Amino acid sequence: MRAASMFVVGLMAVIAPVIADAQQSKPWEKIPVPPLREFKPQMPKRVELKNGIVIFLQEDHELPFVSGSVLIPGGARDEDAAKTGLVSLYGETWRTSGTAKMDGDAMDDFLEARAAHIETTGGENSTGLSWDSLKGDSDQVFTLALDLLLHPKFNAEKLQLAQQQAAAGIVRRNDDESGIAGREAAKLVYGPASPYARQAELATIGAVKLADFEAWHRRTIGGKLIIAVSGDFDGAAMEAKLRAAFELLPAAKAEPQRHESFSEPKPALYFVDKEDVNQSNVQIVGLGTDRRNADVPTLAVMNDILGGGFSSRLFQKIRTEMGDAYAVGGGISFNYDHPGIFNVEVLTKSVSTVDATKAALDEIAGLTTRPFTEEELKRSQEDILNGFLFRYDTKEKVLAEQVRLEFFGYPADYLEKYEAAIPRVTLADLSAAAKKYIHPDKLAVLVVGNRQEIKPGLDELKLGAVHTLDVTIPGAPKGGPGDGGAQQQ
Amino acid sequence: MAFRHWMAGLALAAVCGLAGAQDLKSFEQRITTKVLPNGLTLLICERPEAPVFSYVTFVDAGDVNDPSGDSGLAHMFEHLAFKGTTEIGTKDYAAEKVALEKVEAANDAFEAERLNPLGANPEKLKELAAKFKAAQDEAHTFVIPNQFTEVAERNGAAGLNAETGLDETLFFWSMPENRLELWAWLESGRLADVVPREFYAERNVVMEERRMRTDSDPIGRLLEQFLATAYVAHPYGRSSIGWPSEVSQITATEAMDFHKKYYVGSNLVVAVVGDVKAQEVMPMLEKYFSRVPAGPKPEEMTTVEPKQFAEKTVAIKEQTQPFYIEGYHRPSYRDPDDAVYDAIADIMSNGRVSRMYRSLVRDQQIAAEAQGFSPYPGDKFPGLFAFYAVPLPGHSPAEMRDAIHKEIEKLKATDVSDDELKMFKTRARADLLRGLADNQGLANALAEYQTRYGDWRELFKQLDKVDKVTKADIRRVASEVFVASNRTSAWIETEAAGKAGGAQ
């Protein structure tokens, strides 16, 4: 078991402006950096069938594997609120049920013996099916995967299994402080009933029936499927095989237009009491934006300055200088087809909750009051640009990016345009963006922590009355696992 | 050796008839190793898929090497390794050095008063605390915070991180290949010339990390107790992130003593995988990594856990959801039966076909999840083979225990099937193959095998051991090891809430 890592993956830390000392000799600047050899990542071949289905083929002969996926529009955000969790259960049950020809258990035996896999998923905006195997088994595995894709036979026992596992997750969701923080933060930004924040509950997953799965499959399988295959195959032969499999399907139906509205959270101080922790999880949240926003390259630079790595303002202040956090960071997130969340996060011991929260709020406000420096701008641009290569340094990453852009209807050269926009960002752009997007008075502050230990108390923050949130899990047994559970030895 | 996720089990071999990038011969052509005069091993593996490289510095020292009374030191040092050197991260090292010595002296004085067996004098303590803070503030004026990582990140470092395990410490990142020399300067510098600046603030950061991973996490708390109970002597039982009373008192001097002893050439393997040509870059790398001090290979930690002869249990009653885990002592990776333990873990836990899934999750429907895994928490020394299960609502840790024991008894009483054994071998082979096309994973695996076996080729020879596992081996090992007198178990029983849940 790995003990401590240096810092939490995914959190961007931002530093306060580095004071460049004119007298410091910088031996690293004298080290030769030759020009990088030209690198044109291998783009997948895109094939659009007459029925609208799109296929991507990415040959890769390094290892003797073939893997593929089918992405199907329509996901949890479209499910009936009374059955929240349906799509997740569907994603689980689809594969475990199998088909009329081969049920899920038989499929498990067949595949695992060959170190092959077929899996299904149900997510927020899509469902999917994927397969992978050694090259020698790829025809057989593809045939099975295709059958499962088009002709699943949903099974009541497997639905029940999936419901049980989901229930187990629901009743223990408050054991983990960061889980509580993440869920409540999303609810504050999007609203508790929003498809982007609502929670599966025991009642909603219990309401899901087999007929719901059959209906969901019927509703979505006729959509604009995106098929992606990579690995050790012959391009022409694979293309022919996929055409044969998919071109006779009826014309793909477009997803209905989404009509969603978003608003800022109600700015206030929110609190969840958790007695068995000695560290507070602080989330300062607001509404983000989406990737089509022309300001995104500027915001990406601003994010790096605020919370994007060791040099960021948040990291430098709250972790390095104050020593008050291991995990700290944040910024504005941009989703592809709906606004993301502005989020600054700090995890700090109970007694420094007020100090660390004040410092985080101060750094956020500082984006509009403490001018960005040339050094910060340059550093962030270099951070982003010099590491940009890692977004497309493998054939798999390139394929995944093309699938993503296709799914959301973005141009295929989105990454290149984004990369080209970063060096054009100026200090004036940054100030304007901060003024436009950063409104500390419109943010919600959420603290999950141990009320008894948080001294000084949260009223020290002077953010008005503390609104305590009730996170009791509806329908969960009160403090016990149920019949005879706690008593057996 | 267990095939851990980041290794993805690099093994070559038996995928019969496959030429190209996947056989030992091809890797022998692509890998160059060199042991420098200071004892450091450099390993370069050429993989020119894209103009990038990944590296790992594998230090053969981890939490088990924390001195007695200083649990958390190895990990604390890992944090320090990001603070820069005499050349990077400072405005004036000569002045800073003096200031840092003053910080140490102020800390020593403060600690001496605080730990006074006759009781600390509150006035004096307050005064010493203020002096300590003032000394730190002064030292801080010379610091350019986080300059080391800043230079790495603005030169394109991706996945920049480090890990301290029980047995080893790893530093790693990926970078565009035209920064190879810059990386060599940075990495060799911080290995040879680290400066413990801002040590006491960083110690607070590590305390926060402990609060996040352990104190405030029900499973984190349970596992710390579980290991401490399973081991009475060997440091696998000691808190790896550190007992609060010990890690909160580590000093910069102690951290630097650790560095001096363990960060010597003979204790380091540096592996680079990617778009690099060994012949071209080796002289340059040798120049930089020769800066690392030579030194004798530090003496090994020699404590041997005495044979467990009494069953041990840890019963936690709290308002969190139920959980069950048990573990049995097993030999280290060097044992001839090492692959047998992998076979057992695979057959018992790998996927929906596994015994524990089919029995506890699918058929009996008492658990949401049930797995066996090993070695835990480390592999260099004798670890544990552990089984855990997450009860479904309405089911108890005791039910998990009984169901797991039934599965274990089946393993002892009847041979596994031919299909199960064959599946283990097929999957092991495929997993190994899959890991070969990832620079960071390859670097980590090559460095680990080079350290643990003295030869990276062992990575590829592992499959021979896998192939030799027999049904009789599995029964024999299960019968010897999975016995009550060798068992430690820990569980969480959910306690009824005293008052209504939610706000007070």
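## Confidence in the model

pLDDT is the predictor's confidence in each residue, on a scale from 0 to 100. In this predicted model, chain B averages a pLDDT of 93, and 94% of its residues score at least 70.

For chain A the average pLDDT is 92, with 93% of the residues scoring at least 70. Here the pLDDT is below 50 over residues 1-21, a stretch with 107 contacts in the model beyond near neighbours in sequence, and it stays under 50 over residues 480-489, where the model has 20 contacts beyond four places in sequence. Where pLDDT is low, the predicted coordinates should not be read in detail. For the complex, the predictor gives an ipTM of 0.91 and a pTM of 0.92.

## Helix packing in chain A

Two packed helices are described by the angle between their axes and the distance between the axes. In chain A, the axes of helix 1 (residues 86-97) and helix 4 (residues 156-171) come within 9 Å and cross at roughly 140°. Helix 1 of chain A and helix 4 of chain A are therefore oblique to each other, and their crossing is right-handed.

The residues of helix 1 of chain A that take part in this contact are Leu89(A), Glu92(A), Thr93(A), Thr96(A) and Ser97(A), and they meet Lys158(A), Leu159(A), Ala162(A), Gln163(A), Gln165(A) and Ala166(A) of helix 4 of chain A. Sorted by class, the contact between helix 1 and helix 4 of chain A holds four nonpolar, five polar and two charged residues.

## Helix packing in chain B

A crossing at roughly 90° is found in chain B, where the axes of helix 2 and helix 10 (residues 252-262) come within 10 Å; that angle makes helix 2 of chain B roughly perpendicular to helix 10 of chain B. From helix 2 of chain B, Leu73(B), Ala74(B), Phe77(B) and Leu80(B) meet Glu254(B), Ala255(B), Met256(B), Phe258(B) and His259(B) of helix 10 of chain B. By class, this contact of helix 2 with helix 10 of chain B has seven nonpolar residues, one polar residue and one charged residue.

Helix 13 (residues 355-363) and helix 14 (residues 397-413) of chain B have axes that come within 11 Å and cross at roughly 145°, and the crossing of these helices of chain B is right-handed. Arg355(B), Met356(B), Ser359(B) and Leu360(B) are the residues of helix 13 of chain B in this contact, and they meet Ala403(B), Ile404(B), Glu407(B), Lys410(B) and Leu411(B) of helix 14 of chain B. The contact of helix 13 with helix 14 of chain B has five nonpolar, one polar and three charged residues.

## Salt bridges

Side chains of opposite charge can pair when their charged atoms come close. A search of the whole structure finds 84 salt bridges over all chains. In chain B, the side chains of Lys83(B) and Glu202(B) meet in a salt bridge, with 2.8 Å from N to O. This pair links distant parts of the chain, 119 residues apart: Lys83(B) lies in the loop between helix 2 (73-80) and helix 3 (93-114) of chain B, whereas Glu202(B) belongs to helix 7 (residues 199-215) of chain B.

## Backbone geometry in loops

In chain A, the peptide bond from Lys455(A) to Pro456(A) is cis, with omega near 5°, and Pro456(A) is placed in the loop between strand 12 (444-449) and strand 13 (466-468) of chain A. The loop between strand 12 and strand 13 of chain A also contains Lys462(A), a residue other than glycine whose phi is positive, near 55°.

In chain B, a cis peptide bond joins Tyr376(B) and Pro377(B), with omega about 0°. Pro377(B) has its place in the loop between strand 9 (367-376) and strand 10 (384-391) of chain B.

Methods
Residues are numbered from 1 along each chain as its sequence is written. Chains are lettered from A and ligands numbered from 1 in the order in which they are written. This is a predicted model: local features need pLDDT of at least 70, side-chain atom pairs count only at pLDDT 80 or more; totals for chains, interfaces and linings use all residues. Side-chain values use heavy atoms; hydrogens and water are left out. Axes are lines fitted to C-alpha atoms, for helices over the stretch in contact, and angles run from 0 to 180 degrees between N-to-C directions. Helices (H or I, at least four residues) and strands (E, at least two) are DSSP runs, numbered from the N terminus. Angles under 35 degrees count as roughly parallel, over 145 as roughly antiparallel, 65 to 115 as roughly perpendicular and the rest as oblique. A crossing is left-handed if the near helix is turned anticlockwise from the far one by less than a right angle, and right-handed if clockwise. Contact means heavy atoms within 4.5 Å. Ala, Val, Leu, Ile, Met, Phe, Trp, Tyr, Cys and Pro count as nonpolar, Asp, Glu, Lys and Arg as charged, and the others, Gly among them, as polar. A salt bridge is a side-chain nitrogen of Lys or Arg within 4 Å of a carboxyl oxygen of Asp or Glu.
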